[in-house]
Amino acid sequence: MVWDVSFTCDICGRKKGESNHWWMLSLGDVPCFEEGQPRQRFTLMPWNPADSQNSEFYHACGQGCAMQAMERFMTNGTILQESGVTAGS
């Protein structure tokens, strides 16, 4: 049996096709030694089919969405949209 796995961009909602230039994103905790410093890190990785199904990773459909995810992280500490905001807004 062949498993059909599809991916959706966590930033804009676009479905992954064959020739897309996708990225994988990860947020993780880091030790902080100074009070008031961010406690998370943002990691951007090129698409890797072997790792793409890891539930710890977010998916971005290209450079634009990866940059938007980084901006959200730098502003809000998360890459997901704030509630009440829809994709493409």
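**Figure 1. Order of secondary-structure elements in the predicted model.** Along its sequence the protein follows the pattern β-β-β-α, with one helix and three strands in total. Helices (H or I, at least four residues) and strands (E, at least two) are DSSP runs, numbered from the N terminus. This is a predicted model, in which local features need pLDDT of at least 70 and side-chain atom pairs count only at pLDDT 80 or more, whereas totals for chains, interfaces and linings use all residues. Residues are numbered from 1 along each chain as its sequence is written, and side-chain values use heavy atoms, with hydrogens and water left out.

**Figure 2. Surface and contacts of the whole protein.** The accessible surface amounts to about 6600 Å², and carbon and sulfur atoms contribute 50% of that area (Shrake-Rupley method, 1.4 Å probe; for residues, only the protein chains shown count as cover). Of the 89 residues, 25% are buried, that is, under 20% relative accessible area (1.4 Å probe, protein chains only). Among contacts (heavy atoms within 4.5 Å) with a separation of 6 or more, 54% link residues 24 or more positions apart.

Figure 3. Arg-72 belongs to helix H1, which spans residues 63–76. Arg-72 is buried but has no salt bridge, and the nearest side chain of opposite charge, Glu-71, is 7.6 Å away. A salt bridge requires a side-chain nitrogen of Lys or Arg within 4 Å of a carboxyl oxygen of Asp or Glu. The Arg-72 side chain does reach the backbone oxygen of Ile-79, at 3.0 Å. Leaving aside residues up to four places away in sequence, Arg-72 touches Ile-11, Gly-77, Thr-78, Ile-79, Leu-80 and Gln-81.

**Figure 4. Cysteines without disulfides.** A disulfide is a covalent bond between the sulfur atoms of two cysteines. Under the criterion of a pair of cysteine sulfur atoms within 2.5 Å, the count is zero. Cys-9 is in no disulfide, and the nearest cysteine sulfur, that of Cys-65, is 3.8 Å away. Cys-61 is likewise in no disulfide, with the sulfur of Cys-12 as the nearest cysteine sulfur, 3.7 Å away. Cys-9 counts as buried because its relative accessibility is 3%; for Cys-61, the value of 10% also places the residue in the buried class.

**Figure 5. Gly-28 and its contacts.** Gly-28 lies in strand S1, residues 23–29, and counts as buried because its relative accessibility is 10%. Its C-alpha atom is 5.3 Å from that of Gln-40, a residue 12 positions apart along the chain. Not counting residues up to four places away in sequence, Gly-28 touches Arg-39, Gln-40 and Arg-41.

Definitions and conventions: Buried means under 20% relative accessible area, exposed over 50%, partly exposed in between (1.4 Å probe, protein chains only). Lys and Arg count as positive and Asp and Glu as negative; His and the chain ends are not counted. A polar contact is a pair of N or O atoms within 3.5 Å; within protein, one must be able to donate a hydrogen and the other to accept it, and residues adjacent in sequence count only if both atoms are side-chain atoms.
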